[in-house]
Amino acid sequence: MNLLDVAWIPVRLRGGHVIDVGLLEFFSRAHDIEGLAETSPPNLIALHRLLLAIVHRALCLNPGHWTDADRARWWREGLPVALIHAYLETWRDRFWLFHPTHPFMQVAALAQAEETRDKLKPWTQVALASANGNAPVVFDHALDGQPAHIDPLVLLRQLLGFLQFTPGGLVKVFRSADKAGPLVNTAAVLPQGRTLHETLLMGLHPHSASSVRDLPSWERTPPDIAALTVDPLPATGPCDRYSRLSRAVLLVAADEAGVQPLRWVRFGAGVALMEDDAAPDPMSSYRAGSTHLVRLNFAEGKAAWRDLGALLPDATGTAAQPAAVLSWAVNLLMALDVDDCDVPVLLAGLTSDQAKLVRWRCEHFRLPVAALSRADMAQLVREALTLAESTYKELRQVVAQMLARTLPDPASKETYERARDMVSRGPVTNAYFTVAERALPQWLVRVGRSEIDEASAEWNRVLLRACQNAWQTSLAQLGTSTAALRAQAQLHHRYQQLLKPLRDLAAEPATPSIEESTP
């Protein structure tokens with residue numbers, strides 16, 4: 001099962017048809033492929049990283065050095081397929097799924113190690129969406145002792161996502177615990193083009209002097225057991241991060257040919273990754289936390305668009321640190337002399353709580369190049385998002401005080417905290433943010449046109465409607481009891497005070513509103 005030839009990568013062609021292709025066919029048809037058809041967010045990002053590492057290494061060997069001008073030429077003319085095919089053929093022996101010494105993205109030494117030779121794990125151990133051990137999954141009821149069969153090629157995609165997103169924690173084979181994968185608790189960022197060939201060029205990290213030693217796992221000496229027990233090592237570059245064997249895994253073939261569905265794997269601690277604050281992951285963005293920048297992830301009860309400011313440049317370095325892959329995409333568009341378009345951006349990943357997997361998500365946005373490249377436009381978007389959050393907090397406070405006055409012991413601090421928690425978990429939050437979310441795409445279009453004054457006024461009108469919708473929702477939730485009507489009368493003036501600055505700043509009817517101008 002050589003991955004250069006066998007069909008294992010699900011892709012969606014321009015006409016919408018979904019097929020599986022091998023690596024050679026993938027790069028031959030990249031200009032006809034609209035996108036990857038992988039439905040698991042971790043696996044989707046991991047596949048993209050694998051493909052980017054292949055392209056980068058192929059270009060490192062020949063021509064050996066390239067610039068943004070070369071990327072622009074490949075954008076117009078297509079990928080240098082002959083160079084990529086030549087690279088893959090050079091390393092063909094490292095792309096066998098089952099191989100006695102260097103199986104692809106696996107550790108062959110597990111077959112002989114005393115700790116793993118006779119100890120098998122179910123394949124669900126390396127499938128993030130499957131139940132295993134004491135980690136339950138709602139829609140999966142797999143049993144560790146009786147795993148179902150799975151196609152090895154399907155499991156390979158699961159393995160790629162697992163290696164990138166696995167949380168740190170207990171392993172108990174070769175060492176008691178192991179470090180997390182490169183993208184643990186990350187909403188990974190990937191700019192996208194109209195086809196896969198454009199997407200790869202937008203996300204391709206630049207050539208540098210260190211590229212020579214930044215080797216992917218298949219170009220490295222296969223790790224032995226000693227390599228799995230050493231201290232964590234920093235990544236040598238993106239190619240290393242994109243293919244790091246963060247866990248040692250070996251698929252156990254069900255037959256000699258390796259084509260039958262399998263059930264078991266060998267498993268242990270991997271080549272641990274030591275994070276370097278000076279060299280963050282190219283697909284990781286950072287937002288402002290309570291004391292320092294924190295990695296952007298998918299938070300419970302919070303839509304990703306509310307943290308879009310983390311994807312935009314910040315001259316101060318205190319509000320955000322966007323993923324490097326976004327700057328590479330902008331540099332390419334500048335080389336193409338395209339600065340008035342939108343960039344489709346994919347946010348995908350998985351959030352965990354220690355070793356427990358909590359949620360995964362995949363979201364798409366279209367960000368104007370102006371906001372990705374100009375500090376003033378980035379600040380406009382960031383201030384708009386900050387205003388949405390601060391307005392919501394003030395509104396939530398008023399609604400919580402109104403609700404608290406309908407509960408027993410309304411003057412108690414505990415009663416207010418209970419009321420605020422009820423508001424946060426109730427329909428008021430969604431009633432507010434859904435209005436803003438619906439208006440956001442067209443508002444970003446206005447930002448892309450550099451209509452700063454109009455965009456600012458329009459966003460205040462959007463938030464005004466959001467507050468009105470949330471207030472009506474809160475009144476419906478409160479009911480019409482005597483206590484409820486009294487509380488509404490007592491807090492109504494606070495609500496009106498909240499709306500006043502929004503009304504003042506939104507009082508510019510110079511241009512049609514977004515909703516009026518939308519077909």
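Contact here means heavy atoms within 4.5 Å. Keep that in mind, please. This is a predicted model.

Let's start with helix α3. It covers residues 68-77. Which residues of α3 meet α6? Arg71, Trp74 and Trp75 do. On the α6 side, their partners are His197, Glu198, Leu201 and Met202. By class, this contact of α3 with α6 has four nonpolar residues, one polar and two charged.

How do the two helices lie? The axes of α3 and α6 come within 10 Å and cross at roughly 175°. An angle over 145 degrees counts as roughly antiparallel, so α3 is roughly antiparallel to α6.

Stay with α3 for a moment. Asp70, Arg71, Ala72, Trp74 and Trp75 are buried there. What do the buried residues of α3 pack against? They pack against α2, α6 and α8. Helix α8 is residues 324-335. After α3 comes glycine 78. Its phi is positive, near 105°.

Helix α10 runs over residues 375-404, and helix α14 over residues 482-505. They pack at an angle of about 170°, with axes 9 Å apart. That makes α10 roughly antiparallel to α14.

Which residues make this contact? From α10 we have Thr391, Glu394, Leu395, Gln397, Val398, Gln401 and Met402. From α14 we have Ala487, Gln488, Leu491, Arg494, Tyr495, Leu498 and Leu502. By class, that is eight nonpolar, four polar and two charged residues.

Next, leucine 463. You will find it in helix α13, residues 452-478. Is leucine 463 buried or exposed? It is buried, with a relative accessible area of 0%. What does leucine 463 touch, leaving out residues up to four places away in sequence? Leu387, Ala388, Thr391, Tyr432 and Leu502. For a sense of distance, take histidine 31. Leucine 463 and histidine 31 are 432 residues apart in sequence. In space they are 42 Å apart, C-alpha to C-alpha.

Compare isoleucine 84. Its place is in helix α4. At 0% relative accessibility, isoleucine 84 counts as buried. Setting aside neighbours within four places in sequence, isoleucine 84 is in contact with Phe27, Ile54, Val55, Ala58 and Leu79. Take valine 55 from that list. Isoleucine 84 and valine 55 are 29 residues apart in sequence, and 6.4 Å apart in space, C-alpha to C-alpha.

On to charges. How many salt bridges does the structure hold? It holds 30. I'll show a few.

The side chains of arginine 92 and aspartate 5 meet in one, at 2.7 Å from N to O. Arginine 92 lies in the loop between α4 and β4, and aspartate 5 in the segment before β1, so this pair ties together parts that are 87 residues apart in sequence. Aspartate 5 is partly exposed, with a relative accessible area of 47%.

The side chains of arginine 57 and glutamate 219 meet in another salt bridge, at 2.9 Å from N to O. This pair links distant parts of the chain, 162 residues apart. Arginine 57 sits in helix α2, residues 41-61, and glutamate 219 in the loop between α6 and α7. Both residues are buried.

Now a local pair. Arginine 425 forms a salt bridge with aspartate 421, with the closest N and O atoms 3.1 Å apart. Why are they separated by about one helical turn? Because they are four residues apart in helix α11, residues 413-425. Arginine 425 is exposed, with a relative accessible area of 67%. Aspartate 421, at 37%, counts as partly exposed.

Some salt bridges share partners. Those join Arg49, Arg241, Glu275, Asp281 and Arg295 into one network.

How many disulfides does a search of the whole structure find? Take cysteine 239. The nearest cysteine sulfur belongs to cysteine 60, and it is 6.5 Å away. A disulfide needs the sulfur atoms within 2.5 Å, so cysteine 239 is in no disulfide. Cysteine 239 is buried, at 0% relative accessibility. Cysteine 341 is partly exposed, at 22%.

That's the tour. Thank you.

Definitions and conventions
Residues numbered from 1 in each chain as written. Predicted model: local features only at pLDDT ≥ 70, side-chain atom pairs only at ≥ 80, totals over all residues. Heavy atoms only, no water. Salt bridge = Lys/Arg side-chain N within 4 Å of Asp/Glu carboxyl O. Buried < 20%, exposed > 50% of the residue type's maximum accessible area, 1.4 Å probe, protein only. Axes fitted to C-alpha atoms, helices over the stretch in contact; angles between N-to-C directions. Parallel < 35°, antiparallel > 145°, perpendicular 65-115°, else oblique. Nonpolar A, V, L, I, M, F, W, Y, C, P; charged D, E, K, R; others polar.
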